[in-house]
Amino acid sequence: MKNLLKLSSLIIIISLSQSCKSIDLRTTALKSNSIINSEQKGKILLNEAKIIMGYDKLANTEVYEANTKFDWNGAWLLMPMNAFPGNNGNALQLRLATNSFDGQVEYLEGRKESTIQGVQSWQGYKKKSNGDYLKLHEHDRYIWGLATYHYLMEAPMHLPDAEIIRYAGTKELEGIVYETVYVTWGSEEPNKKFDRFLVYINPKTKFIDLLEVTINDFFITMPKGLRHATARYERKETSIGAYLPSNIIIQLKGPKKLESKVYSISLDNYRFNSFDKELLYPIDGLKSYGFSKPTKQ
C-alpha cells in the first residue's frame, strides 16, 4: 500500500509540474465582450446570493465557531500542501472573528490534541488550550491555512465588494445550468498579484454552490497545476438563519464529479457570539487589519 501511495504521489507531482499554461478563469463569452451590462448583472447576482444565503446576518455577529474535520483523499495526504498537519480524520474546533482574517484552530484529538494554532493581524501564534504560554511564529503554513479557510467560509459576504465583477454567462454541470460571475482585482486579465474567482450560482436556490479559484500566494512554491482549484459547497441553515457550509469539497483545477476530491472539510454545530472575542486577540499591541492585508514595504 505504501508503494502504491508513493507511486500515486509521483504521478501527481509529474502531472502538476507539466501544467505550465497560465490560468484564465474568464469564459469565452466574457473574453469576447459579448455580454451586455456584465458588471451590473454580476453585482446583482452576487448581492442576491449574499442576502438569500443570510450572510448579512452573519455580518452582524462578532465571532463564531464550528466543529470541523478534514478528510484527505489517499496519496494527496503525502503532498506538502496540508495547512494543518495532523488534521486528517481528527476533530478540530475552528474559531473565527467575523469580517476579518483573525481566528484559530484547536486540535481536539490526535497527536496534537489541545494545541491551538492562531493568526492575529497576520501574526501567527501557538499555545496550549490549558496553558498561558504563547509562542509567536511566522509559519506561513498555518497563517495561510487559517486565512484561506476563513475566506472560503465568508466569501459570499465579501465577493460583492470586489473591484472587478463581471457576469460570465452560464455553465452546465451535472444537469444544472449555473449562472457564473467572474471576480478579481487589479485587472480583468490574469495577473500575478491577485486571485481570481469564477462563482457558480444555482439558478433555483440562488446559493453559491461552487467557487473556482486561482491561488497566487500558496504557503510553499507550487507548480501552476496546484494553483487552480474548485471548492464545492453543501450548506445547512444555522441558528441565525444563515446557510453556512456543512461540507466543502476541494478539487484540483476545474469542477469535477463529487467523488473526485483532494480533501473535504465537514463543519457542524455552528455557534455564534459563543465566546469572548478577546480569545482571538491574545497578542498585545498589534495593529488591527480587519478584512485586509498589511501593505508590503
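Analyst: Let's start at Asn33, which counts as exposed with 66% relative accessibility. On this scale, exposed means over 50% relative accessible area, buried means under 20%, and partly exposed is in between, all with a 1.4 Å probe and protein chains only. Bear in mind that this is a predicted model, where local features need pLDDT of at least 70, side-chain atom pairs count only at pLDDT 80 or more, and totals for chains, interfaces and linings use all residues. Residues are numbered from 1 along each chain as its sequence is written, and side-chain values use heavy atoms, with hydrogens and water left out.

Back to Asn33. Its phi is near 55 degrees, a positive value in a residue other than glycine. Asn33 lies in the loop between helix H2 (28–31) and H3. Helices here are DSSP runs of H or I with at least four residues, strands are runs of E with at least two, and both are numbered from the N terminus.

Ser38 counts as buried, at 13% relative accessibility. Ser38 and Gly169 are 131 residues apart in sequence, yet their C-alpha atoms are 8.9 Å apart in space.

Next come two charged residues of the helix. Lys43 and Glu39 both lie in H3 (residues 38–52), four residues apart, which is about one turn of the helix. Their side chains meet in a salt bridge, 3.1 Å from N to O. That label needs a side-chain nitrogen of Lys or Arg within 4 Å of a carboxyl oxygen of Asp or Glu. Side chains of opposite charge can pair when their charged atoms come close. Lys43 counts as partly exposed at 33% relative accessibility, and Glu39 gets that label at 34%.

By this rule the count comes to nine salt bridges. One of them joins Arg232 and Glu174, at 3.1 Å from N to O. Arg232 lies in strand E11 (residues 228–237) and Glu174 in the loop between strand E7 (164–173) and strand E8 (176–184), so this pair ties together parts that are 58 residues apart in sequence. Arg232 is buried at 7% relative accessibility, whereas Glu174 is partly exposed at 48%.

Another pair is Arg95 with Glu106, whose side chains form a salt bridge at 2.6 Å, N to O. Arg95 belongs to strand E2 (residues 91–97) and Glu106 to strand E3 (residues 103–107), so the pair ties together parts that are eleven residues apart in sequence. Both Arg95 and Glu106 are buried.

Ser121 sits in the loop between strand E4 (115–120) and strand E5 (123–128). Ser121 is buried, with a relative accessible area of 12%.

Now for helix H5, which has a bend. A straight helix of 19 residues would span 27 Å at 1.5 Å a residue, but H5 (residues 140–158) spans only 23 Å between its end C-alpha atoms. That expected span is 1.5 Å times one less than the number of residues. H5 bends by about 50 degrees at Leu152, and Pro156 follows within four residues. The bend is the angle between axes fitted to the seven residues ending at a residue and the seven starting there. In H5, 16 of the 19 residues are buried, so the helix is largely enclosed by the rest of the structure.

A search of the whole structure finds one cavity of 30 Å³ or more, and the largest cavity holds about 60 Å³ of space. A cavity is a set of points, on a 1 Å grid over the protein atoms alone, where a 1.4 Å probe fits but cannot get out, and lining residues have an atom within 4 Å of a point. The points are joined across faces, edges and corners, and a volume is the space filled by probe spheres set on them. Strand E1 (63–72), H5 and strand E13 (263–272) each supply at least two residues of the lining, which includes Tyr149 and Met153.

How values were computed. On a 1 Å grid over the protein atoms alone, a cavity is a set of points where a 1.4 Å probe fits but cannot get out, and a pocket is an open set with protein on both sides within 12 Å along at least five of seven lines; lining residues have an atom within 4 Å of a point.
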